[in-house]
Amino acid sequence: DHWHALCTIAAMEAGADVMVEKPICHTYLEGQAMLRTARKLKRIVQVDTQRRSTPHIAKAREFIKGGGIGTIGHMKGFCYYNMRANQIVPDSDPPEGFNFDLWTGPAPLRKFNRLIHPRSWRAFEEYGNGILGDMAIHMMDVGRWVTGVRSPKTIHSVGGILVQKKSTANITDTQTVTWDFGDLTACWEHRSYGRSEQNKYDWGITFYGEKGTVTVTLDTFDFEPWGGNKNKPISEKVKMIEDPAKQEDPKVREAGRAHMKNFIDCVHSRKTPIAELELSL
């Protein structure tokens, strides 16, 4: 994650429009520098919070914004995937030909461990923000997109490595975050063990309104009315395969690539992309 701001700014200065992975930066000041560069050079920057381009999530947003659950007082994002590298692996020398110093870049330089590269670096707080920066950002971005909230008044977070202590990984296995937006509260919870209370949802966000709840996951959109509400429950399961190359249906393949397509369209039109850089600050 420490590389995102530097690579994005360098690419913009070289004349490129950019699609940047989330989280966009390591610090807020880096994000401001990215935004200043984009505005000065008139570059198009799309953040890869691709849930904004997922069709059934867009449909859920339309339902909610159309008054489907009335006034929203609370939203809760959650993830209960076992996403930590739960092994004890000793540090070692980097593989021959792998420039670990360059790979580390502006992040703290620690001893190499084979769990770090190529993918499990997310399990180490030296390189990212753990499950919060990997999974929460997607669903809490959906929450901001649906409700229109921007900056909270206060943020509070607690957690730690409370259960999975026999591991080289050092990110939290348990964490809860709360945000106070004034007229709306929000929270996030992740655990790398156990199941969710609802049992059928492992990763998603629930919106709580006066008329009922809407839960959005990677491939479902469920509406449940409160008692006395005449609205019928809505349940829609959408077949989504994240890797377009594995999807045979051209229409579904196109849906899976919608976020990239939106970026490319905006590169040509110079219009604002659906997940424009400033929206992530």
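The model is predicted: local features need pLDDT of at least 70, side-chain atom pairs count only at pLDDT 80 or more, and totals for chains, interfaces and linings use all residues. Residues are numbered from 1 along each chain as its sequence is written, and side-chain values use heavy atoms, with hydrogens and water left out. Helices (H or I, at least four residues) and strands (E, at least two) are DSSP runs, numbered from the N terminus. Buried means under 20% relative accessible area, exposed means over 50%, and partly exposed is in between (1.4 Å probe, protein chains only).

**Salt bridges**

- The structure holds 10 salt bridges, where a salt bridge is a side-chain nitrogen of Lys or Arg within 4 Å of a carboxyl oxygen of Asp or Glu.
- One of them joins R110 to D91, with the closest N and O atoms 3.1 Å apart. R110 lies in the loop between α4 (100-104) and α5 (130-147), and D91 lies in the loop between β3 (72-79) and α4, so this pair ties together parts that are 19 residues apart in sequence. D91 has a relative accessible area of 41%, so it is partly exposed.
- R191 forms a salt bridge with E189, and their closest N and O atoms are 3.8 Å apart. Both R191 and E189 are buried.
- K261 forms a salt bridge with D265, the closest N and O atoms being 3.1 Å apart. K261 and D265 are separated by about one helical turn because they are four residues apart in helix α7 (residues 258-269). K261 counts as partly exposed at 39% relative accessibility, and D265 counts as partly exposed at 36%.
- A network of salt bridges links K22, R122 and D134.

**Aromatic pairs**

- A pair of aromatic rings is described by the distance of the centres and the angle of the planes.
- A search of the whole structure finds 10 aromatic pairs. Rings of Phe, Tyr and Trp (its six-membered ring) pair if their centres lie within 6.5 Å; planes under 30 degrees apart count as stacked, over 60 as edge-to-face and the rest as tilted.
- The ring centres of F78 and Y80 are 5.8 Å apart and the planes are at 15°, so this pair is stacked. Both F78 and Y80 are buried.
- The ring centres of F100 and F112 are 5.3 Å apart and the planes are at 85°, so this pair is edge-to-face. F100 is in helix α4 and F112 is in the loop between α4 and α5, and the pair links distant parts of the chain, 12 residues apart.
- F100 counts as buried at 8% relative accessibility, and F112 counts as buried at 5%.
- Ring pairs link F98, F100, W103, F112 and Y127 into a cluster.

**A nonpolar surface patch**

- W3, L6 and L102 form a nonpolar patch on the surface, and together they have about 290 Å² of accessible area. Patches are made of residues with over 30% relative accessible area and no salt bridge; like charges are joined within 9 Å, and nonpolar side chains (Val, Leu, Ile, Met, Phe, Trp, Tyr) within 5 Å. Accessible areas come from the Shrake-Rupley method with a 1.4 Å probe, and for residues only the protein chains shown count as cover.
- W3 is found in the segment before α1 (4-13). W3 is partly exposed, with a relative accessible area of 31%.

**Helix α5**

- α5 has 18 residues and reaches 25 Å from its first C-alpha to its last, close to the 26 Å expected at 1.5 Å a residue. The expected span of a helix is 1.5 Å times one less than its number of residues.
- α5 has a kink of about 50° centred on A136. The bend at a residue is the angle between axes fitted to the seven residues ending there and the seven starting there.
- Of the 18 residues of α5, 15 are buried, so the helix is largely enclosed by the rest of the structure.

**Two loop positions**

- K22 lies in the loop between β1 (18-20) and α2 (28-41). K22 is buried, with a relative accessible area of 3%. K22 and A186 are 164 residues apart in sequence and 20 Å apart in space, C-alpha to C-alpha.
- D183 is found in the loop between β5 (174-180) and β6 (185-191). D183 is exposed, with a relative accessible area of 76%. The C-alpha atoms of D183 and G105 are separated by 41 Å, and these residues are 78 residues apart along the chain.
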